[in-house]
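Colleague: I would like to go through this model with you, term by term. Please tie each label to its cut-off.

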Amino acid sequence: MNSNVKFDREASAQEAERQAAFIERGKLLVSALSRELGRKPRACTVTFGCQMNAKDSEKIAGILRETGYELTQDEDADFVIYNTCTVRDNADQRVFGRLGRISHYKKKNPKMKIALCGCMMQEAQNVEKIRTSYRYVDLVFGTHNLYRFPEYLCGLLEEDHRIFEIWNSTDRIVETLPSERKYSYKSGVNIMFGCDNFCTYCIVPYVRGRERSREPADILREVERLAGEGVTEIMLLGQNVNSYGKDLAVPCTFAELLAEVARTPGIRRVRFMTPHPKDFSDELIETIRDYPNIARHVHLPLQSGNTGTLKRMNRHYTKEQYIRLAEKIRREIPDVSITADIIVGFPGETKEEAMDTVDVVRTLCLDNAYTFVYSKRQGTPAASMPDPVSEAEKKETFDLVLSAVQECARIRSEALTGRIMEGLVEEINGQNERYVTARLSNNMLVHVPGDASMIGQYYNIRLTECRGFYFFGEIVAA
Ligand code: SAH
Ligand code: SF4
Ligand code: F3S
């Protein structure tokens with residue numbers, strides 16, 4: 001494992017210039033297409049998976065917008081790209097299902113281009129399936145060469161043949177690609193790419209490659225630029241943010257970076273995803289404690305509460321270490337919420353062992369958790385571990401874990417009822433348009449009466465009514 005990757009900044013700068021030239025060429029090609037169609041061509045990006053993928057899609061959308069496409073949510077468009085995820089099998093299946101459905105748009109509009117990128121494309125069997133059975137897909141690229149998208153786009157518009165380009169790795173980070181932000185008031189910022197942890201169930205290290213950190217100066221420049229554009233909430237993104245900076249020529253800890261971001265004028269909230277419990281430092285706990293604008297929320301993936309399972313998962317912590325860490329975080333940072341990811345049904349985990357997971361959830365009274373059923377990923381060590389536990393038994397265990405999670409989430413939220421907390425209004429409520437939804441620093445959601453003019457603003461909100469893990473509330477005068 002190479003945890004000391006250096007990337008060549010000069011070569012990266014040259015590559016950025018090359019792609020900028022392709023964007024210029026793309027503008028001419030898209031304007032020729034506009035004349036042919038008699039209207040602006042439309043492009044649609046569809047994202048599966050995590051925040052990292054969402055951020056990548058913003059880069060793709062930025063390039064499409066820059067070259068002259070009009071962005072749309074409608075897949076009946078002139079260019080459609082699916083940015084895929086392969087962390088669990090159902091994510092894969094959804095892509096193939098959807099791809100089948102858009103083929104008839106292309107029959108209607110032969111000029112339509114269909115592209116696929118992202119984590120699923122780093123798996124040879126998926127690429128092969130698309131090459132042979134989905135012949136109407138025009139462009140396939142992976143996670144390592146996303147920065148070449150302007151070049152591929154020009155290729156597609158100039159010549160009528162399929163482009164398939166997948167790389168196994170890269171040591172390069174290309175800065176300064178355009179980006180189209182989905183929200184005006186908040187933004188994700190990549191701090192590192194890849195993962196070196198190799199948890200035995202997980203495909204991410206194989207499809208995202210080795211860890212590479214961005215230079216702190218580049219990250220801070222991006223944060224300052226975003227603040228200048230009116231962004232007030234930043235989410236720092238990495239698969240294992242605790243190991244940020246170890247590969248840099250001048251090492252920098254994640255806690256140091258976090259503090260710098262929190263000090264940036266205009267930034268009212270900083271979040272981060274995802275830390276790994278195995279190296280969550282005291283320095284990081286103290287930094288969160290000392291900066292009130294770092295969100296009172298720690299997402300601390302648990303995966304399992306059973307020490308033996310954790311060992312077989314290659315997680316490098318025990319049940320007791322996780323509990324002690326979470327207790328320390330709660331002790332040092334009042335009002336913090338702790339949420340987790342949990343996997344039920346890891347190969348060979350008995351129901352009795354899984355009860356340790358329920359025990360951790362209840363002992364800590366976790367604020368919430370995403371609970372997943374284990375999904376076998378080809379090529380990972382867990383895929384070849386014996387798995388004698390029946391699906392029916394796994395389902396039973398899943399229900400037990402889920403009900404413990406829901407019970408604890410309710411207890412933790414109910415305890416906050418009546419409090420006044422600051423919320424950032426994010427959107428109109430999907431169910432009732434006379435309400436807006438605000439996010440508290442601890443990541444909980446509260447619905448308050450309001451309208452679109454409030455989006456992106458901060459309000460003091462009284463949490464009047466708890467509904468499980470979210471609230472109804474009212475705005476109180478500042
Ligand atoms: N880097 C992050 C998140 C990675 S993927 C971390 O270390 O926590 C997000 C979540 O998906 C994981 O936390 C895990 O709970 C879940 N996951 C990953 N691989 C899985 C698999 N094969 N089956 C089921 N869930 C999985
Ligand atoms: Fe996957 Fe583990 Fe890396 Fe998270 S830390 S991305 S779960 S290998
Ligand atoms: Fe999925 Fe890739 Fe993220 S596999 S969870 S989109 S890193």
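Colleague: What makes Gly473 count as buried or exposed?

Modeller: Gly473 has 8% relative accessibility. Buried means under 20% relative accessible area, exposed over 50%, and partly exposed in between, with a 1.4 Å probe and protein chains only. So Gly473 counts as buried. Gly473 lies in strand β19, residues 470-476. Strands are DSSP runs of E with at least two residues, helices are runs of H or I with at least four, and both are numbered from the N terminus.

Colleague: What should I know about the numbering and the model itself?

Modeller: Residues are numbered from 1 along each chain as its sequence is written, while chains are lettered from A and ligands numbered from 1 in the order in which they are written. The model is predicted, local features need pLDDT of at least 70, side-chain atom pairs count only at pLDDT 80 or more, totals for chains, interfaces and linings use all residues, and side-chain values use heavy atoms, with hydrogens and water left out.

Colleague: Why is the pair of Phe198 and Tyr206 called edge-to-face?

Modeller: A pair of aromatic rings is described by the distance of the centres and the angle of the planes. Rings of Phe, Tyr and Trp (its six-membered ring) pair if their centres lie within 6.5 Å; planes under 30 degrees apart count as stacked, over 60 as edge-to-face and the rest as tilted. The structure holds 18 aromatic pairs. In Phe198 and Tyr206 the centres are 5.4 Å apart and the planes at 85°, so the pair is edge-to-face. Phe198 is partly exposed at 23% relative accessible area, and Tyr206 is partly exposed at 35%.

Colleague: What makes Phe346 and Tyr374 an edge-to-face pair?

Modeller: Their centres are 5.8 Å apart and their planes at 75°, so edge-to-face applies. The pair links distant parts of the chain, 28 residues apart. Phe346 is in the loop between β13 and α12 (351-364), and Tyr374 in the loop between β14 and α13 (391-414). Phe346 counts as buried at 0% relative accessibility, and Tyr374 counts as buried at 12%.

Colleague: How do you know that the charged end of Lys129 sits over the ring of Phe96?

Modeller: A charge sits over a ring if NZ of Lys or CZ of Arg is within 6 Å of the ring centre and within 35 degrees of the ring normal. The charged end of Lys129 is 3.9 Å from the centre of the Phe96 ring and sits over that ring. Likewise, the charged end of Lys186 sits over the ring of Tyr183, 4.7 Å from its centre.

Colleague: Which residues come nearest to ligand 1?

Modeller: Arg88, Gln239, Gln303, Asp341 and Ser375 come nearest, out of 15 residues around ligand 1. A residue is near a molecule or strand if one of its heavy atoms lies within 4 Å of it.
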